[in-house]
Amino acid sequence: MAVTLNDINKIAHLARLGLSDEEKSRYTDSLNNILGLIDDLQAVNTQGIEPLAHAVDVTQPLRPDVVTETNQRDAYQKIAPAVQEGLYLVPKVIE
């Protein structure tokens, strides 16, 4: 499937883009190159190949799920402009 100049004109119209003739030509070439690459990738035989979650077989080291810091909410809220019942109050920005 190839992208034509007519396709670019339709897309530009739908997107409300004003493109010059040079830009239209460049976008036509670029999109055709991308579609050509997709065709090349789809032509590769992948029968019997397992999908990978990651290119390298590694695992993420996990740390124990334990609390390592003390609760400092009161210290942080002392410097806040407005606090009520442990919550930060902010000015209303949407009417």
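# Close-up legends

**View 1. Arg-26 is partly exposed, at 42% relative accessible area.** Here, buried stands for under 20% relative accessible area, exposed for over 50%, and partly exposed for the range in between (1.4 Å probe, protein chains only). The model is predicted: local features need pLDDT of at least 70, side-chain atom pairs count only at pLDDT 80 or more, and totals for chains, interfaces and linings use all residues. Residues are numbered from 1 along each chain as its sequence is written, and side-chain values use heavy atoms, with hydrogens and water left out. The side chain of Arg-26 forms a salt bridge with that of Glu-22, at 3.8 Å from N to O. A salt bridge requires a side-chain nitrogen of Lys or Arg within 4 Å of a carboxyl oxygen of Asp or Glu. Both Arg-26 and Glu-22 belong to helix H2, four residues apart, or about one turn of the helix. Glu-22 is exposed, with 59% relative accessibility. Searching the whole structure gives one salt bridge.

**View 2. Helices H1 and H2 pack against each other.** Two packed helices are described by the angle between their axes and the distance between the axes. H1 spans residues 5-14 and H2 spans residues 21-43. Their angle is about 110°, and the axes lie 9 Å apart. H1 and H2 are therefore roughly perpendicular to each other. That label covers 65 to 115 degrees; under 35 is roughly parallel, over 145 roughly antiparallel, and the rest oblique. Axes are lines fitted to C-alpha atoms, for helices over the stretch in contact, and angles run from 0 to 180 degrees between N-to-C directions. Helices (H or I, at least four residues) and strands (E, at least two) are DSSP runs numbered from the N terminus.

**View 3. Residues of H1 meet residues of H2.** H1 contributes Leu-5, Ile-8 and Asn-9. H2 contributes Lys-24, Tyr-27, Thr-28 and Leu-31. By class, this contact has four nonpolar, two polar and one charged residues. Nonpolar covers Ala, Val, Leu, Ile, Met, Phe, Trp, Tyr, Cys and Pro; charged covers Asp, Glu, Lys and Arg; the others, Gly among them, are polar. Contact means heavy atoms within 4.5 Å.

**View 4. Lys-24 is buried and has no salt bridge.** Lys-24 sits in helix H2. The nearest side chain of opposite charge, Asp-21, is 4.4 Å away. For charge, Lys and Arg count as positive, Asp and Glu as negative; His and the chain ends are not counted. With neighbours within four places in sequence set aside, Lys-24 contacts Leu-5, Ile-8, Asn-9 and Leu-19.

**View 5. Ala-12 lies in helix H1.** Ala-12 is buried, at 6% relative accessible area. Not counting residues up to four places away in sequence, Ala-12 touches Leu-17 and Leu-19. From Ala-12 to Lys-24, 12 residues apart along the chain, the C-alpha separation is 8.8 Å.

**View 6. Ile-11 also belongs to helix H1.** Ile-11 is partly exposed, at 48% relative accessibility.

**View 7. Arg-16 has a positive phi, near 55°, and is not a glycine.** Arg-16 lies in the loop between H1 and H2. Arg-16 is exposed, at 64% relative accessible area.

**View 8. Glu-85 has a positive phi of about 50°, though not a glycine.** Glu-85 lies in the loop between strand E1 (83-84) and strand E2 (87-88). Glu-85 is exposed, at 74% relative accessibility.
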